[in-house]
Amino acid sequence: MNAEQGSWSRDVLVIGIGNILWADEGFGPRAASCFHKRFRDVPGVDVMDGGTLGNYLINEITSSRRILVFDCCDFKSEPGTFRVLSGEEVSLWRSTKISPHQTGLNDLLAMAEMMGSTPESLVVVGVQPEVLDDYGGSLSATCRARLADAMDAAAKVMADWGYQLEERTEEERAALPPLAWDELEMDAYEAGRPSDDDACRAGDERFMRRVAGHRENPFEDL
């Protein structure tokens, strides 16, 4: 794809970035899923859960004329602070990734530029996270409350790009396949979370310092 010639294979990529395993870091994928459920498909527009794919997203970046990103962002503000970044403001988001699991879009955009295929426009719809250290946790109430704002903001951005989005009916939503997998949908994900006694909330205990008396190899009987 050659950006100078405008030969992108899609007009708009709507993508959520983040890791749903760490509470509010999953805001991006959750917002992308909400967008998928709320608005009807539009030719030339693809919606994607980008998760923590990092450099594996390079083909998606280079093939998109315009990109709308949902993500949690470190605005150095109160939890739940909501902003829409565009133009020069995007540099703030690009320089403040808060997860070790995410490859900064700086890297991807630099790669795209070297390949001669950078997006024409990039807009970020972001929220300041409240909780990031709850392993297996879903969104905090603070960030969950911002999902509706994210959808309204996304619809406005899309309108500015020439797309008047139509909302799906309840019947359409009920029959709609998930953006990723059924098990990762927010309701199913929350309902299937083990109790505090069965699952460590601070990480995977297999890779943490063991307390005295803990079995050295918990897998030896497997």
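1. A word on terms: rings of Phe, Tyr and Trp (for Trp, its six-membered ring) pair if their centres lie within 6.5 Å, and planes under 30 degrees apart count as stacked, over 60 as edge-to-face and the rest as tilted.

2. Before going further, keep in mind that this is a predicted model, where local features need pLDDT of at least 70 and side-chain atom pairs count only at pLDDT 80 or more, while totals for chains, interfaces and linings use all residues. Residues are numbered from 1 along each chain as its sequence is written, and side-chain values use heavy atoms, with hydrogens and water left out.

3. Now the overall layout. The protein chain has eight helices and five strands; these are DSSP runs numbered from the N terminus, with helices (H or I) of at least four residues and strands (E) of at least two. Read from the N terminus, the order is β-α-β-α-β-β-α-α-β-α-α-α-α. Of its 222 residues, 42% count as buried, where buried means under 20% relative accessible area, exposed over 50% and partly exposed in between, using a 1.4 Å probe and protein chains only. Take the contacts between residues at least 6 apart in sequence: 81% of them join residues at least 24 apart. Contact here means heavy atoms within 4.5 Å.

4. How many aromatic pairs does the structure hold? There are three. In one of them, Trp 22 and Tyr 135 have ring centres 5.0 Å apart and planes at 55 degrees, so this pair is tilted. Trp 22 sits in the loop between strand E1 (10-17) and helix H1 (27-38), and Tyr 135 in the loop between strand E5 (121-127) and helix H5 (141-144), so the pair ties together parts that are 113 residues apart in sequence. Trp 22 is buried, at 17% relative accessible area, whereas Tyr 135 is partly exposed, at 27%.

5. The rings of Phe 35 and Phe 70 are tilted, because their planes stand at 50 degrees, with the centres 6.3 Å apart. This pair also links distant parts of the chain: Phe 35 is in helix H1 and Phe 70 in strand E3 (residues 64-72), 35 residues apart. Both are buried: Phe 35 has a relative accessible area of 3%, and Phe 70 has 0%.

6. The charged end of Arg 30 sits over the ring of Tyr 189, 5.1 Å from its centre. Arg 83 lies over the face of Phe 75, at 5.1 Å from the ring centre. To count, NZ of Lys or CZ of Arg must be within 6 Å of the ring centre and within 35 degrees of the ring normal.

7. Asp 24 deserves a look. You'll find Asp 24 in the loop between E1 and H1. Not counting residues up to four places away in sequence, Asp 24 touches several others, including Cys 72, Pro 129 and Cys 143.

8. Most residues other than glycine have a negative phi. Ala 23, however, has a positive phi near 50 degrees. Ala 23 lies in the loop between E1 and H1 and is buried, at 2% relative accessible area. Lys 76 also has a positive phi, of about 60 degrees. Lys 76 is in the loop between E3 and strand E4 (82-85) and is exposed, at 69%.

9. Last, Ser 64 in strand E3. Is Ser 64 buried or exposed? Ser 64 counts as buried, at 0% relative accessibility. Leaving aside neighbours within four places in sequence, Ser 64 is in contact with Trp 8, Arg 10, Leu 13 and Pro 119.
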